[in-house]
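Open the model in your viewer and keep the selection tool ready. Each stop below gives something to select.

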Amino acid sequence: MKKTCLYDKHVALGALMSPFAGFEMPIQYTNITDEHQAVRTACGVFDVSHMGEVSVKGNDAERYVQHIFTNDVKDAPIGKVYYGMMCYEHGGTVDDLLVYKMGDQDFFLVINAANIDKDWAWMQQQAEGFDIDLRNLSDDYGQLAVQGPDAEAVVEEVLGLECKELTFYTVKTIGDVIVSRTGYTGEDGFEIYAGPAFINDCWDKLLASGRCKPCGLGCRDTLRFEVGLPLYGDELSEEISPIMAGLGIFVKLDKEEFVGREALARQKAEGVARKLVGIELKDKAIPRHGYTVLNADGEAIGEVTTGYHTISSDKSVCMALVDTPYAKLGTELQVQIRKKVFPGVVVKKRFYDKHYKKD
């Protein structure tokens, strides 16, 4: 198991540690509910140093990013952040990621921890014929996510990092530190990328201030799920395309070309066999990943990708990949949970409203 630069801090705090994406990571410090509510109501900090970072620079940097990325960064302003996917030729997802426009022909890509080796090998393969300097910087950076309605004040006043001028999905550099107004919780917040020493210093200051609660990956999952954000391996995979996952807004088919474009264009035009939906159960039972979804006649028509009894809204809900004829809002479905079957209805995948600062 790999360890992040904050591993000893987590152990000293008595965090429940568990393997995740090849790293020994904190799942919770006190309990998931308390940490979840801290982010929804005040401020929490996550160690996300396990995430991967890749630098793309050179004369063809923009053209290369356009080639591997479903979103459109052509002539993007410096300081803009984009969300999208890298796809295989057949339309399945290599990974979902953030692309930061750091300068002219200078991009900073943030990829999922579990996919670093796979992504890096694929990105190197795609680099042939491009005049770029492609570097895997995953071992060079630590990363903190400071999230919640108090995040701006905490980052400015506790860490001394000026961030007020940043709007949603923008980024700036402060010396060797990268600060972006991004996150994975549905709340306002910031992600800070820097060397291990600076990340350790920030962690200590945040906890010493008493204004920011340490949060583990347990509530990171409940938070992202409530606002309908996908997790690679659950809502996206080599078999699940962005179109199937309902993320077509991040697939810009009017671009000249990108890997997987033809397959995704065909899916959008002809439709897909399965779609990702939200399901609300009429009971307190908790649907889990892999549980079978049934139609009203008891026939298997899909599987749960993620499910919880939500902390913020007190409902038993899940996201599920189901046969397209059953994806319409209001459709009555059932979820098999162990030996029992529980009725439910198709609803929107967002179970809680996002609170981003967009102005």
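The tour goes from a helix to the core and then to a barrel.

This is a predicted model: local features need pLDDT of at least 70, side-chain atom pairs count only at pLDDT 80 or more, and totals for chains, interfaces and linings use all residues. Residues are numbered from 1 along each chain as its sequence is written, and side-chain values use heavy atoms, without hydrogens and water.

**Helix H8**

Select residues 261-270, helix H8. Helices (H or I, at least four residues) and strands (E, at least two) are DSSP runs, numbered from the N terminus. Ala263, Leu264 and Gln267 are its buried residues. Buried means under 20% relative accessible area, exposed over 50% (1.4 Å probe, protein chains only). The buried residues of H8 pack against strand E5 (81-87), contact meaning heavy atoms within 4.5 Å. On the face turned away, find the exposed Glu262, Ala269 and Glu270. Next comes glycine 271, with a positive phi near 90°.

**The core**

Which residues have the most contacts inside the largest nonpolar core? Select Phe46 and Tyr100; this core has 40 residues. Such a core is a set of buried Ala, Val, Leu, Ile, Met, Phe, Trp, Tyr and Cys residues joined through side-chain atoms within 4.5 Å. E5 gives the largest share, four residues. Beyond four places in sequence, the contacts of phenylalanine 46 include Trp203, Cys219 and Leu223.

**The barrel**

Show the six strands E14-E17-E16-E15-E18-E19, which close into a barrel in that order with antiparallel pairing. Strands pair if DSSP finds at least two bridges between them. Zoom to E16 (residues 300-309): seven bridges join E16 to E17. One to pick out is histidine 309 with serine 316 in E17.
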